[in-house]
Amino acid sequence: MARSSKQTEDDNPQEWLDHHGDYLFRYAIIRVSGRETAEDLVQETFLAALKNYSSFDDKSSIRTWLTGILRHKIMDYYRHIYKSDKHNVDFEGGNLDDFIESGIHKGRWRPDRVPQNWSEWPDESLHESEFLRILNKCLDDLPDRIATVFRMSQLEELDTKFICKELEISTTNYWVIMHRARSGLRRCLEILWLDKS
Amino acid sequence: MKFIKTVTDLVTPPCEDITRLISKSQDTELSLKEKWQVRIHIIGCKLCYRYQQQIKKMNALLKKSKEIFEKKDVEDGEGLSREAYKKIKSDIDKNLNK
């Protein structure tokens, strides 16, 4: 890691990439879909930083400042992905295919979709980057809109009000989307995990 | 146990609604009525109890993994790729020489 002696090292934009490139990449990779996207966002961040260096406020560190720019880029990315996904989230029905659709058992778990026993699940043994990798893979299997809302809320940790405003959705719709995301992820993790063991 | 299950089915909404409430409880405070619906339902319903535990576990794993990942320094292949590094480097140089 860069020993942050601001004056000497970080004053020179040529050093930024070496000191903060990997950090920014790691910040992005767990919040967006795919390496390439993360690398593109990091690249855009550096270019924007060079352009706006004059606006840099000495009070914050270069890394904080760069991360701020990256967060803006990530936000633009979320907005873009969400808006370009034409998949319609069915807010009313809320059927997740996990439940019986009609008859006297309507609304109960479908026998082939019941949650499995997770006692075999590794708590401590699962490496964090392995878990994040599987999670991202599962997110990629969800419709973009649903994955995006989940990423905004759980990975970028934006608050509900802000997300709803940005994406122009109601709080109720937000809950429905988050429920879809969690249920889809729960099932996906279960399948990938059971597959491995 | 069978008796309890029957009671659960009679007095609480079906699993589909309960899972929705379990998920909602992660985002916001449930009303008193909703809280009790969940509480009573999972006494008799092993599957929804599992669902609840797994959602919580997933959340906890996500939080923990993210925290560790962000704190750690770069290790094996978790940084920018060589190609990306070169590309960005040359972009920066081009811009600085303008």
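Predicted model: local features only at pLDDT ≥ 70, side-chain atom pairs only at ≥ 80, totals over all residues.
Residues are numbered from 1 along each chain as its sequence is written, and chains are lettered from A in the order in which they are written. Local features of the model need pLDDT of at least 70, side-chain atom pairs count only at pLDDT 80 or more, and totals for chains, interfaces and linings use all residues, while side-chain values use heavy atoms, with hydrogens and water left out.

Between the two chains, 58 residues of chain A are in contact with 47 residues of chain B, where contact means heavy atoms within 4.5 Å. Chain A and chain B bury about 5100 Å² between them, 59% of it on carbon and sulfur atoms; buried area is the accessible area (1.4 Å probe) that two parts lose on being put together, summed over both. Of the area that chain A buries against chain B, 15% is supplied by Leu17(A), Arg26(A) and Arg182(A), more than by any other three residues.

Helices are DSSP runs (H or I, at least four residues), numbered from the N terminus, and axes are lines fitted to C-alpha atoms over the stretch in contact, with angles running from 0 to 180 degrees between N-to-C directions. Phe150(A), Gln154(A) and Leu155(A) of H6(A) meet Asn59(B), Leu62(B) and Lys66(B) of H4(B) in this contact.

The structure holds 19 salt bridges over all chains, each defined as a side-chain nitrogen of Lys or Arg within 4 Å of a carboxyl oxygen of Asp or Glu, and the count between chain A and chain B is 4. Arg31(A) forms a salt bridge with Glu156(A) (2.6 Å, N to O). Arg31(A) lies in the loop between helix H2 (13-29) and helix H3 (35-51) of chain A and Glu156(A) in the loop between H6 and helix H7 (160-167) of chain A, so the pair ties together parts that are 125 residues apart in sequence. Both Arg31(A) and Glu156(A) are buried, buried meaning under 20% relative accessible area (1.4 Å probe, protein chains only). Arg31(A) also pairs with Glu70(B) in a salt bridge (2.8 Å, N to O).

Within chain B, Lys24(B) and Glu34(B) meet in a salt bridge (3.2 Å, N to O). Lys24(B) lies in helix H2 and Glu34(B) in helix H3 (residues 32-44) of chain B, so this pair ties together parts that are 10 residues apart in sequence.

How values were computed:
Helix = DSSP H or I, 4+ residues; strand = E, 2+ residues; numbered from the N terminus. Buried < 20%, exposed > 50% of the residue type's maximum accessible area, 1.4 Å probe, protein only.
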